Amino acid sequence: MKGKGVLSVFILVIFGVFVLGMPQGAVAKKPLKIGAVYILSGAFATYGQFARNGINLAVDEINAKGGILGRKVEVTFEDSKAKPAVAIRAFRKLVYEEKVDFLVGLDSSGVALGVVPTLPELKRILIITHAATPDVTGKKCNKYAFRISVNLNQNVGAGARIAAKTGAKRWTTIGPDYAFGHQSWEYFQKYLKKLVPDAVFMEKVAFPKLATEDYSTYITSIMDANPEGVFISLWGGDLVNFVRQANAYGFFKKGYKVLMSLGAATEVLYALKDKMPEGVWVGTRYWFLANPSPTNKRFVEAYKKRYNAYPSYNAQNAYTAIYALKAAIEKAKSTKTEAVIKALEGLRIEAPVGKIYIRPQDHQAILNVTWGKTAADPNYPIRILKPMVTFSGEEVTPSPEETGCKMK
Amino acid sequence: MMETLIITALNGLSLGTLLFLISMGLTTIFGVMGVLNFAHGSLYMLGAYMCLQAMRLFHNFWLGLLVAPLAVGLLGMAIEVQFLRKIYDRHLTLQLLLTFAFLLILDDAVRILWGAGYHTVDPPRLLAGTLRVLGRPYPVYSLFILVLGPAVGLALWAFFYRTKVGMIVRAAAMDREMASSLGVNVPKLFTYVFFFGSWLAGLGGALAAPLRAIGPAMGEKIIIESFIVVVIGGLGSFPGAFIGAMIFGLFDAFGIHFVPRIHMAIPFILLAAVLLWRPRGLFGEEI
Amino acid sequence: MRVQGLLGILVLLALILLPSFLPIYFVLLFTEILIMGLFALSFNLLFGYTGLLSFGHAAFFGLGGYAAAFLIRDWGASMALAMLAGVIVAGAAAVLIGYLSVRLDEIYFAMLTLGFGMMFFTLVHQWREVTGGSDGITGFGSPTLKLFGLTLSLGHPVHYYYFALAVVVGSSYLLWRITRSPFGLLLLSLRENPERAAFLGVDVRRYRWFAFVIAGIFAGLAGSLFSPFDRMASPTMLHWTKSAEPVLMSILGGANLFLGPMVGAAIFFFLEHIITKFTTSWMIFLGAILVLLVIFFPEGILGTVVRRGHGKG
């Protein structure tokens with residue numbers, strides 16, 4: 001008697017485990033996995049954090065509406081530590097171990113230069129949302145790399161136009177000592193020379209290492225050389241550090257025409273608050289007040305509600321990248337890499353920053369670029385841009401031939 | 001031009017002062033205990049973070065300046081008593097490895113406790129402004145550091161050369177066994193010396209907090225710089241730490257101004273030059 | 001001895017069969033373990049056998065890596081040529097640095113090698129025009145092997161793994177023979193008691209120099225395997241923090257045993273792999289493990305196991 005009872009319980013248990021353990025019907029599909037690699041530590045950790053915010057917001061919105069092609073979206077984040085070698089390992093881990101379907105990422109241009117050539121091996125699409133070196137959609141372009149954000153060419157192109165109107169003729173630069181800093185200066189000189197033929201670019205320039213702690217001698221050295229205009233491409237934690245230290249040396253009271261190509265990043269403005277001087281021309285890759293469209297208003301409100309801060313460009317770019325992927329996958333009705341590549345090429349979407357068009361020849365997004373002069377405003381806890389100047393993407397983006405991209 | 005040179009020199013001396021405080025701790029620990037403390041840079045970093053924490057809790061920089069070095073000193077003492085003490089009789093490399101292990105632990109602990117991003121601390125209102133030096137604006141806080149350094153140096157010199165305790169420490173630094181046979185409680189002395197060295201590192205960190213961004217990578221850079229200072233000055237030498245730090249700071253500042261491309265290499269060139277021509281350093285003993 | 005030999009063959013067999021039963025991610029992981037293991041073995045020739053703690057060994061690793069990267073990127077060279085270049089460049093640097101460094105002892109030797117290592121780091125980091133500066137050398141094609149007129153691509157992770165395995169096993173065997181030779185035994189005597197060796201008429205400096213150069217050559221070889229694997233050469237390959245890795249691996253595995261550093265490399269990477277699944281803060285665990293090792297197991301993990309295995313624990 002007892003044995004039979006035990007046996008039946010046993011069978012019931014096995015049966016129960018089987019039923020419960022079975023996949024929930026044929027409707028439940030495998031989640032769509034996205035791998036995201038950003039700087040999550042060090043002086044630029046806030047950039048990674050903001051990208052994460054933007055991605056999480058997009059993913060939650062999309063999943064709430066049923067996901068992409070009925071599949072839930074899952075994101076795995078990895079830290080690039082701003083080092084190309086670390087990023088390559090992270091990408092390999094994401095593709096081979098986590099088995100992600102798509103990749104987004106990259107804050108650092110140096111990292112992008114290292115990673116993009118490995119994409120054909122990994123056979124995954126990477127949508128770059130921050131790294132701005134023109135090369136990844138230029139000399140080193142390949143069909144797997146896309147960029148949804150304003151690149152260095154476009155931002156500096158707009159900056160040069162602003163610089164031309166300031167009347168300053170003798171220019172120097174302070175920029176980080178890697179691809180981004182050097183290329184920013186290179187392109188600034190190129191573009192400004194076209195607009196102001198008698199512009200002079202000084203010998204004395206400053207390229208402190210990324211994450212330099214002490215800018216004091218760079219500051220005094222540049223001031224000693226008496227420039228008329230200073231083009232600053234420092235960004236993130238470096239820019240915050242620099243501005244704080246430069247204030248103490250009276251750098252912003254000398255009448256130089258100062259341009260900061262990434263000065264309008266909200267993380268910088270939040271960190272500095274009223275230590276950011278007024279009257280400086282700053283650029284960004286997305287300014288939350290620039291676009292009055294309902295898409296933007298909705299995004300800014302949702303972001304502010306969830307994270308209690310105004311969205312930075314890194315957040316917007318990452319948010320838009322996820323939506324761009326969604327649009328492309330739905331257009332291609334497939335998640336296969338080759339099909340999505342074709343769908344992304346020529347894609348037009350409406351993003352918070354405005355209308356975006358992904359150019360098929362080099363996979364670079366064409367979109368508006370905004371610069372502005374820093375000003376205090378009682379309605380906002382940070383400096384805002386007043387006046388704002390918006391350049392259309394067509395105006396400031398070099399043609400595909402000029403970029404040197406030969407897509408294979 | 002002349003003004004710029006003087007301003008640059010001031011920048012260099014400011015850096016030198018911070019380095020002096022840290023190197024002083026490092027060289028004292030080495031001189032008395034024979035331990036090269038790899039975790040010294042992390043202790044400096046902790047000093048900065050402790051100061052940040054104190055600012056958050058008490059909103060008072062001076063309190064932070066008082067509390068932070070004490071906290072770091074106590075932590076150092078704990079490390080010495082619990083771990084370092086156990087391996088004094090072992091090979092030098094094992095001691096190096098142990099302190100290196102603490103570097104790893106402390107650097108990551110800081111990341112866990114305060115996050116991976118960087119933080120900023122404002123200088124106290126009293127020292128927050130700018131002064132005119134030779135007609136140029138110069139941050140008051142940097143001048144404060146410049147004045148504080150030699151003041152601390154003087155106080156330390158008075159301690160080591162004019163007080164009984166100080167002389168005991170110096171004696172132990174020169175000859176541990178002799179000091180022990182004369183009745184000095186060497187283990188206790190070691191603990192106090194390690195406390196003192198860590199306290200100095202924490203003080204350096206707390207002072208550096210308003211100057212630089214506070215982040216988890218702070219310790220890595222400064223440890224190498226302090227090693228170099230200590231070697232240039234002479235391992236175990238107190239005046240060596242001071243002079244070495246000033247030399248380092250000046251070379252660094254003038255390097256950025258005149259030869260920015262190779263300025264990164266200058267400390268290592270100095271290091272190699274000293275080691276190849278006068279390995280004992282400027283004030284060290286014959287080795 | 002026989003047990004060791006048998007164990008060795010089993011391990012080798014496992015390594016050969018590895019790609020058939022483990023996913024690509026592990027093939028990549030083991031490739032890295034093998035290469036870094038060779039780097040650590042080369043370091044240990046100086047540390048475990050000659051008693052010299054070098055804190056600049058990564059300079060040779062990095063120089064080998066850059067030399068290989070240049071050749072592959074600019075001349076499409078095959079791996080054989082790239083490795084040769086790596087060995088020559090690293091070896092030349094080791095001849096120079098070694099000559100200057102061995103005049104000093106202990107702490108001063110460590111400091112001087114640190115200084116030289118960082119000088120090379122700065123050179124590579126600052127000379128943007130040639131070395132690409134902090135961005136390094138990137139964008140070179142898949143590594144290739146030219147044999148008997150055929151060009152084989154080593155781009156696939158499994159192919160490169162086998163190539164690296166062959167090179168590392170071969171080099172390790174060479175290094176092992178060196179340590180077993182009269183030269184190797186002499187090095188041991190230098191570690192134990194340099195004064196005595198000097199009294200016996202041994203030119204201590206000269207032999208240390210030889211050891212230094214050999215260590216540098218094998219480090220350069222490891223480096224030249226590494227940059228094609230990573231598809232880039234970056235300045236961090238020469239930084240002092242990279243020099244610290246073989247030190248850690250040798251201690252983890254045991255500096256007194258020939259294969260200790262290789263085992264240490266495996267332990268190092270496995271620890272990282274496992275711990276980073278749960279948290280990004282794995283250094284704190286590594287530090288804690290090191291503390292335990294230094295205090296309780298100074299002979300490293302393999303060293304302690306072997307000693308226990310031989311009887312008196």
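**Reading a predicted model**

Reply: Let us begin with one bridge: A:Ile127 has A:Phe146 as its bridge partner in E5(A). The model is predicted, with local features requiring pLDDT of at least 70 and side-chain atom pairs counted only at pLDDT 80 or more, while totals for chains, interfaces and linings use all residues. Residues are numbered from 1 along each chain as its sequence is written, and chains are lettered from A and ligands numbered from 1 in the order in which they are written.

Me: Over how many bridges do E4(A) and E5(A) pair?

Reply: Strands of a sheet pair through backbone hydrogen bonds, either parallel or antiparallel. Strand E4 (residues 126-128) of chain A is joined to E5(A) by 3 bridges in the parallel sense. Two strands count as paired if DSSP finds at least two bridges between them; strands (E, at least two residues) and helices (H or I, at least four) are DSSP runs numbered from the N terminus.

Me: In what order do the 5 strands of that open sheet stand?

Reply: The order is E2-E1-E3-E4-E5 in chain A, with parallel pairing. Strand E2 (73-79) and strand E5 (145-147) of chain A are at the edges with a single partner strand each, so one side of each has no neighbour in the sheet. From one strand to the next, the twist averages 25 degrees. Such angles run from 0 to 180 degrees between N-to-C directions, with axes fitted to C-alpha atoms, for helices over the stretch in contact.

Me: Is the pairing in the open sheet of 3 strands parallel or antiparallel?

Reply: That sheet, E11-E12-E13 of chain A, is antiparallel. Its edge strands are strand E11 (348-351) and strand E13 (365-366) of chain A, each pairing on one side only. E11(A) and strand E12 (residues 354-358) of chain A share 4 bridges, and A:Arg348 is opposite A:Tyr357 in E12(A). H12(A) packs on this sheet, touching E11 and E12 of chain A, and its direction makes about 145 degrees with that of E11(A).

Me: How should I read H1(B): is it mostly covered or exposed?

Reply: Helix H1 (residues 2-33) of chain B reaches 45 Å from its first C-alpha to its last, close to the expected 46 Å. The expected span is 1.5 Å times one less than the number of residues. H1(B) is mostly covered, with 26 of its 32 residues buried, a residue being buried if 20 or more other C-beta atoms lie within 10 Å of its own. After H1(B) comes B:Gly34, with a positive phi near 75 degrees.

Me: How many residues does chain C give to its contact with chain B?

Reply: Chain C gives 29 residues and chain B gives 34; contact requires C-beta atoms, placed from the backbone, within 7 Å. H5(C) gives the most to the chain C side, with 12 residues. That side has 22 nonpolar, 6 polar and 1 charged residues. Here Ala, Val, Leu, Ile, Met, Phe, Trp, Tyr, Cys and Pro count as nonpolar, Asp, Glu, Lys and Arg as charged, and the others, Gly among them, as polar.

Me: What does chain A give to its contact with chain B?

Reply: Chain A and chain B give 22 residues each. H8(A) gives the most to the chain A side, with 6 residues. By class, that side has 8 nonpolar, 10 polar and 4 charged residues.

Methods: Two residues are in contact if their C-beta atoms, placed from the backbone, lie within 7 Å. A residue is buried if 20 or more other C-beta atoms lie within 10 Å of its own, exposed if 12 or fewer, and partly exposed in between; C-beta atoms are placed from the backbone.
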